[in-house]
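User: I am new to this structure and would like to learn how to read its features one at a time. Could you take me through some of them, giving the general idea before each case?

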Amino acid sequence: MKVKKPRGTRDFPPDEIEDREYVEDSIEEVFRSHNYRRIQTPTFEHADLFQLKSGEEIAEHMYVFEDKSGRRLCLRPEATASVCRMYSEELRDSRLPLRLYYFCPMFRYERPQKGRYREFWHLGVELIGPKGPEADAEVISLAYDSLKKLGLEFTLEVGHIGILRGLMDDLGIEEKLQGRVIACIDKDDIEQLKEIVDEKAIFDLIGLKGMTGIIQKADELLRGHKKAREALSELKEVLGWLDYMNIEYALNLGIVRGLEYYTAVVFEVRVHGLGAQNQVCGGGRYDNLIELFSGLKIPAVGFAFGFDRVMNALELQEIKIPERRVDAVIAPVNASMREDALRIASSLRDGLIIDMDVMNRKLDKILQYAGDIHARYVLIVGSEDLKEEKATLRDLDTGKQEKIKITELKEKLREL
Ligand code: HAM
């Protein structure tokens, strides 16, 4: 019987994993340098966790199943709700602010295509505790700096869901209808939106996008709308911090995000050229979610990179990831040299990648193998050299070789 992998999942061969590890490390270094610390939550959770406040969009696409005791569980579709649950179960006595990050697979039963998978990875952060604009700016700057460091070209779009909600409150639109309006905007279904509301101000607001003059237009549009104006001034404060941090952004007051828990600043990062799945990052402030699970009024803000889309963007923009190379393949010239070769291999491994022939191959075959795997050196271990406590190091890039004292090999390979 031939069994294939499930639709929407992928296998990752070593080359791809090494590229992914490089990118993961590069981004996590940015997180860690701001004192974010890694956590892990379970791969499956109670389905209710995500049905409470994550929104219809997520609930529709969840992998839900019953375990043998009849519990309704699901594979996690996102991690923010899990982190809030973890906060209330495990971390409620921690000093605030709590800076957390995670890198783990998420599962959504969506129609697979390039950039959209049923199993995909989130590399995300959650900053728990602070309420102010400085915290929003810190989180946005993490996303921005991480992508800049990788050399990517992208557009950061910033908005504030409180402006639209505030405007709808000011216009007397009831909460249930507000949810439907937001769902239409999220799906970009303007026709349906027109059927459920006919407030020109809403259409004007969600059309406010761009690099310049947007705040001024919003100021004019929202004149007399008290709640919306309050949210707008919150957004202005965040933008002030972003300007101070030299972060380039476009405003987009039509960002609503697919998840329901956002309450204030929201942002997305897009990479031009990735087609329909060009959003590589999404996040925002969610000040009521922790309260929902714990009763504690703790505000929070965060984002997640769609890690697979970041990888696709790097490929699209032809950004080279440094090649990982084997430093040396150890080649005993004959079977009687194998023990000595093994001893030398073990002595070299500290910080170096050393490959030892375990196929019992002849020297010419080992050389061929080392060339094929693109190793830097072959270390030939033979009895004549050994009498002088030496071995022969062949540089596979230049073809040159030299005899080197075994005690000096490690130093030599390190500096090369
Ligand atoms: P999200 O926008 O649903 O937000 O997901 C974050 C990112 O994951 C998206 O911007 C996208 O790049 C990527 N993504 C989503 N679905 C797929 C898919 N099927 N295949 C590949 N990549 C995908 C969240 O999940 C929030 N928890 C983010 C957050 C953290 N907000 C606050 N803290």
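Predicted model: local features only at pLDDT ≥ 70, side-chain atom pairs only at ≥ 80, totals over all residues.

User: How many aromatic pairs does the structure hold?

Analyst: Two rings pair if their centres lie within 6.5 Å, and planes over 60 degrees apart count as edge-to-face. The structure holds 12 aromatic pairs. In one of them, phenylalanine 303 and phenylalanine 305 have ring centres 5.1 Å apart and planes at 75°, so this pair is edge-to-face. Ring pairs also link Phe303 and Phe305 with Phe31, Tyr101 and Phe267 into a cluster.

User: Is phenylalanine 303 buried or exposed, and what of phenylalanine 305?

Analyst: Buried means under 20% relative accessible area. Phenylalanine 303 has a relative accessible area of 1% and is therefore buried, while phenylalanine 305, at 0% relative accessibility, counts as buried too.

User: What span should helix 5 have, and how far apart are its end C-alpha atoms?

Analyst: The expected span is 1.5 Å times one less than the number of residues. Helix 5 has 18 residues, residues 133–150, and should therefore span 26 Å, which agrees with its end C-alpha atoms being 26 Å apart. Because 14 of these 18 residues are buried, helix 5 is largely enclosed by the rest of the structure.

User: Which residue follows helix 5?

Analyst: Helix 5 is followed by glycine 151, which has a positive phi, near 90°.

Key:
Residues numbered from 1 in each chain as written. Heavy atoms only, no water. Helix = DSSP H or I, 4+ residues; strand = E, 2+ residues; numbered from the N terminus. Buried < 20%, exposed > 50% of the residue type's maximum accessible area, 1.4 Å probe, protein only. Phe/Tyr/Trp six-rings, centres within 6.5 Å; stacked < 30°, edge-to-face > 60°.
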